[in-house]
Amino acid sequence: MPAHHANLFHDMTPAQFDSALNSIEARLPSLARHQVIVELQKLDALVGDGHSNVGPWRDSVIAFHTLPIALYWFEEGIIVRAADSAHANLIGARVVAINGMPIDSVIARIRPLISHDNEMGVRAYTPFFMVMPEILQATGVVSDMQQIPFTVESANQRRTVTLSQAGLFPMLTGDADRSWVRRAGWLDARDRAPAPLWLSDPTNIYWYKYLPDGRALYCQINTIQQKPADSLQVFMARAIAAADSAGADKFVLDLRLNGGGNGDFNKRIFLPLIKSKYDVPGHLYVLTGRRTWSAAQMLVTEMQKYTTAIFVGEPTASHGNAFGDSYRIVMPNSGVTVRVSTLWHQYLDSRDKRLMIEPAIEAPLTFADYVAGRDPALTGVLGR
């Protein structure tokens, strides 16, 4: 890690790193496999940047399990947004405790495992780790990984249910946020509502649609990559031409599911917009959220610097100056991947200490909006 990171001790001291590493080594004979992996998560998170991480949600070698529910940190709290058919009655319930431990205490136990650039990363990944029995056991929330009591609240009534493992946690590899993709045999809180645009095609790298009622061209880019037969340059030219042809008044760029990719492609997105008629105050909008990160953060920073774009939604998951470009250290025996950042990306003045790009129009997602299929961010744009 010290050999490959651009500056491993930017947020901790060598003594802290050595102490943490020595602690793992001293306890290694008494730790189970999953406990060792969680210790590696803590060690990498201690580095203090999101690209230095151990990811049980994207490393199939780790093979952690999941409980039969999916959670999301809505404005109202951490709520069951989806579940397998046997636990459908839990959908919509707010989690208040696990094994009798209050939810705030559970979050505090999980937090040291989450590699992040700012608090939006904590909000994004806490719900993932909260349904992994291995993590709940290794952090001392539970002792039994097979039978885990969850206390939930709905309709002002509390109840405790015992949950068991329901297979392996689904791999969410890649730069686009795939956590919203429906699981076979599972039910979702939004099943009875029309799919909002931002969740209608999350696996598509980039696409657009004209919205006649709002006279807006909606363009979603879910990863900073290129389709083999449709380059970003060609795509953006086509999207802008479609907006012009339809007489659009606004161009809306949605980056809420965009976790990065290749930042070298960003200029193929923002330069055409700068040259278009939409780069004037009140006509160009960018939707951001807790998964807008890495190369997508770079794009947001560039657009903040060089365009008149108005940002809407949640704050981004990183900041203008950040570490990135992970190097993968594959542990020789377990095969577990430990990532460390190799480059420092400076897009803003070194004196700019902002931890995130704050939206001019705040539009957090509530559970009520989610159930109804409403998109408060897009509504905030179209209503202007």
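## A walk through the predicted model

Ser 294 sits in the loop between strand E11 (284–288) and helix H9. Keep in mind that this is a predicted model. Ser 294 has a positive phi of about 60° although it is not a glycine. That deserves a second look, because most residues other than glycine have a negative phi. Ser 294 is also buried, with a relative accessible area of 16%. This serine turns up again when we get to the largest pocket.

### The largest pocket

The largest pocket holds about 850 Å³ of space. It is lined by 44 residues, and those closest to its centre are His 51, Asp 175, Gly 259, Trp 293 and Ser 294. Which elements supply at least two residues each to that lining? Among them are helix H4 (119–129), helix H8 (267–275) and helix H9 (295–306), and strands E13 (321–330) and E14 (337–346) belong on the list as well. E13 gives the most, with four residues.

### The six-stranded sheet

Six strands make an open sheet with mixed pairing, in the order E8-E9-E10-E11-E12-E15. Strand E8 (206–211) and strand E15 (361–362) are the edges: each has a single partner strand, so one side of each has no neighbour in the sheet. At the E15 end, strand E12 (residues 310–313) runs parallel to E15, and two bridges join them. Here Val 312 stands opposite Ile 361.

Helix H7 (residues 232–246) lies across E8, strand E9 (216–221) and strand E10 (250–254), and runs at about 5° to E8. Gln 233 belongs to helix H7. Is Gln 233 buried or exposed? It is exposed, with a relative accessible area of 52%, and the cut-off for that label is over 50%. Leaving aside neighbours within four places in sequence, Gln 233 is in contact with Gln 226 and Arg 268. The C-alpha atoms of Gln 233 and Leu 271 are separated by 9.4 Å, and these two residues are 38 apart along the chain.

Now for another set of paired strands. Four of the five residues of strand E3 (residues 94–98) are buried, so E3 is largely enclosed by the rest of the structure. E3 pairs with strand E5 (residues 148–154) in the antiparallel sense over four bridges, and Ala 97 has Thr 151 in E5 as its bridge partner. E3 also pairs with strand E4 (residues 101–102), again antiparallel, over two bridges. E3 and E4 form a hairpin with two residues between them, and Asn 99 in the turn has a positive phi of about 55°.

E5 has antiparallel pairing with strand E6 (residues 157–163) too, with seven bridges joining them. Glu 153 stands opposite Arg 158 in E6. The E5 and E6 hairpin has two residues between the strands. Ala 155 is found in the loop between these strands, and its phi is near 50°, a positive value in a residue other than glycine. At 72% relative accessibility, Ala 155 counts as exposed.

Where does Arg 256 lie? Look in the loop between E10 and H8. Arg 256 is buried, with a relative accessible area of 10%, and the label applies because that value is under 20%. Its side chain makes a polar contact with Asp 254 and another with Asp 375.

Asp 188 lies in strand E7 (residues 186–188). At 9% relative accessibility, Asp 188 counts as buried too. The side chains of Asp 188 and Tyr 370 are joined by a polar contact. Besides Tyr 370, Asp 188 touches Arg 81, Ala 82, Ile 91 and Arg 182, leaving out residues up to four places away in sequence.

| Residue | Partner | Distance |
|---|---|---|
| Arg 256 | Asp 254 | 2.7 Å |
| Arg 256 | Asp 375 | 2.7 Å |
| Asp 188 | Tyr 370 | 2.6 Å |

Notes. Residues numbered from 1 in each chain as written. Predicted model: local features only at pLDDT ≥ 70, side-chain atom pairs only at ≥ 80, totals over all residues. Heavy atoms only, no water. Buried < 20%, exposed > 50% of the residue type's maximum accessible area, 1.4 Å probe, protein only. Polar contact = N/O pair within 3.5 Å; in protein donor to acceptor, adjacent residues only side chain to side chain. Contact = heavy atoms within 4.5 Å. Pairing = 2+ DSSP bridges. Axes fitted to C-alpha atoms, helices over the stretch in contact; angles between N-to-C directions. 1 Å grid on protein atoms, 1.4 Å probe; cavity = no way out; pocket = protein on both sides within 12 Å on 5 of 7 lines; lining within 4 Å. Points joined across faces, edges and corners; volume = space filled by probe spheres on them.
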